[in-house]
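Please read the following explanation with the structure open beside it.

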Amino acid sequence: MHPNLSFEQAPPIWVPYRFFLTAPLFGIATGLLLAWSGPEALASRWTPAALALTHLMVAGFMLQAMCGALLQFIPVAAGGNIWRPTLVAGVVHPMLAVGAALLAGGFLAGPGPWFAVGAGLIVTALSIYVVVVGIALFRAPARGATILALRVAIAALVVTYVLGFTLAQGLRGVGGIPLLEFTHVHAAWGLGGWALLLLSGVSYYVVPMFQLTPAYPAWLGRLLPWTLLTALLLWATQLTGEARAWHSWVLLAGLLAAGLFALVTLRLQAQRRRRVPDVTLTFFRIGMASLLVIVLAIALITVPPAPTFLPVREWAVPIGILTFVGLFVSVITGMLYKIVPFLNWLHLQRLGGLTVFPPNMRDMIRERAMVWQMRLHLAALAALLGAATWPPLTAIAGLLFAASCAWLEWNLLGGVRVYRTFRDRIRAVDACHAP
Amino acid sequence: MSTTEVLHHHHKHCDQLFADAEAAGVKGDWGAAVADFTRFRDELLAHFSTEEQVLFPAFEAATGMVGGPTQMMRFEHAQMRELLEQMQAAIDQRVRDPFAGAAETLLVLMQQHNMKEENILYPMCDRTLAGSVDVAAGLRERLEEKCPASA
């Protein structure tokens, strides 16, 4: 009916949205579980509750948001063709969601059969996803920093889940696996490989676009993936069970590259030509500031002597909070607040053609609602960091984080309601004009 | 200088004018907003018409591709013209939120559109129209003096 031009390859709107709307639910679950578990949950990164919380964030919140975004991003930004996106999303999305929930439950209750089912579901879903997305990425006509970052990110995702599945077998008593070293390598490939490289690849595209900043320098687009990949490969040599002194230097090299990405992003945003307040920009700055603190903190505890000036029970806990909530939840939320209103507009525009014009982006999700949700998110982040040093704060911190994720969900659902209302109006107009 | 180089520069020029107009309107500084927006709109419309009247017909004639990328770009121009009218109406009525909303929507659409042109269509045009002095001269004649970046 109307020319299908502006998005010849983009998937139907529900393909990314089913992932986007599920992600915050895992955030709510994380906050509630933390409040329910109480102060002992954060005593160490190895408590059953801490492992469950971690995987609700990474295999729940982050993986949902990132898998959904990439299905939208690859066709639009890289010109890659995703094979049957509706079918792939329909299979991968529920398997990932159920898998992440079972995995977290398994960490809490002990690695029984349901734990194995959860790990199996995630591995199966991600294997399907990686094949489909990998083919699209390797056939995509685009060249440059974004596509390179995404290709290395996808490879890192494979390493992450293969190691994760191996660890799950190890926890269930399959012997001979050095669990500590496997965990270190699994976490590094997941966060420093998959998540950070995906973030960088998307940033190269959206940071200049949303804020009218100069482009990222070409050297960063080459340096970051190759440095991280080299560091991750060297880091993986400890899988034999022997971590050596030079592994610390490998870690520092990877951190230095990550810190450079944060510094360049902050500098570009300081040079932006767009001068209006923007909630996505603030979320990004919170994320990049968190990344810088993470880099400094890990460098401090890696290079001896370890600092003693902060009464932190275990450094890994605040570093984890900064990674999941400070960095990734911040940038993901900031991007969702741009992507969802724009996708709404684009799809409605396509439905209505040039005769029925949709509401603008700010009518999709109200700015005030986004700004106040961001303030709650910041309060939750502060309370979580506080709980790492002062345990009685744990329950409040958990409830604050659950509330901020619930508000995010509410804001996204508000956007979906506007989409549905207007879509129905267009259909009604079309029905009236039908012959 | 490639055939389409002036168009790259003019995109950046329009970005700057957009940023000025958006900042003035969102602040509610309507005097500045009227002047800045008028300048931005005139430049953006000049950019569209230059592409539609000079570049696209030359590309279509050289390649025989009439229903392809140029048709997509024309459709997006029409979308952006509509958003410019929404911004104009908001300025006329001095209403901040509709102005900011239309401006933000235009920004994202415009940036996506520019990236498609700069990464896909312009390189195709540079290849197919490399020998055409007329097209390059025609583009420069219409846009060069408007655009300080390419001077």
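Chain A and chain B bury about 2900 Å² between them, and 64% of this lies on carbon and sulfur atoms. Buried area here is the accessible area, found with a 1.4 Å probe, that two parts lose on being put together, summed over both. The model is predicted, and local features need pLDDT of at least 70, side-chain atom pairs count only at pLDDT 80 or more, while totals for chains, interfaces and linings use all residues. Residues are numbered from 1 along each chain as its sequence is written, chains are lettered from A and ligands numbered from 1 in the order in which they are written, and side-chain values use heavy atoms, with hydrogens and water left out.

Chain A gives 26 residues to the contact and chain B gives 33 residues, where contact means heavy atoms within 4.5 Å. Seven residue pairs are in polar contact across the interface of chain A and chain B, both residues being at pLDDT 80 or more. A polar contact is a pair of N or O atoms within 3.5 Å; within protein, one must be able to donate a hydrogen and the other to accept it, and residues adjacent in sequence count only if both atoms are side-chain atoms. On the side of chain A that touches chain B, the elements giving two or more residues are helix H6 (179-211), helix H10 (316-352) and helix H11 (361-364) of chain A. Helices are DSSP runs of H or I with at least four residues, numbered from the N terminus. H10(A) supplies the largest share of this side, five residues. By class, this side of chain A has 14 nonpolar, three polar and nine charged residues. Ala, Val, Leu, Ile, Met, Phe, Trp, Tyr, Cys and Pro count as nonpolar, Asp, Glu, Lys and Arg as charged, and the others, Gly among them, as polar.

Six salt bridges are counted between chain A and chain B. A salt bridge is a side-chain nitrogen of Lys or Arg within 4 Å of a carboxyl oxygen of Asp or Glu. A:Lys338 forms a salt bridge with B:Glu104, with the closest N and O atoms 2.6 Å apart.

Where is A:Arg274 found? A:Arg274 is in the loop between helix H8 (246-270) and helix H9 (279-302) of chain A. Is A:Arg274 buried or exposed? A:Arg274 counts as buried because its relative accessible area is 0%; buried means under 20%, exposed over 50% and partly exposed in between, with a 1.4 Å probe and protein chains only. The side chains of A:Arg274 and A:Asp278 are joined by a polar contact of 3.2 Å. Leaving aside neighbours within four places in sequence, A:Arg274 is in contact with residues including A:Phe210, A:Lys338, B:Phe18 and B:Glu104.

A:His377 lies in helix H12 (residues 367-389) of chain A. A:His377 is also buried, at a relative accessible area of 1%. Beyond its neighbours within four places in sequence, A:His377 is in contact with A:Phe283, A:Val325, A:Val329, A:Ser330 and A:Ser404.

Over all chains the count is 19 salt bridges. One of them joins B:Asp36 and B:Arg39, the closest N and O atoms being 3.8 Å apart. These two residues are separated by about one helical turn, because they are three residues apart in helix H2 (residues 30-63) of chain B. B:Asp36 is buried at 16% relative accessible area, whereas B:Arg39 is partly exposed at 44%. Salt bridges that share partners join A:Arg274, A:Asp278, A:Lys338, A:Arg362, A:Glu367, B:Glu22, B:Arg96, B:Asp97 and B:Glu104 into one network.
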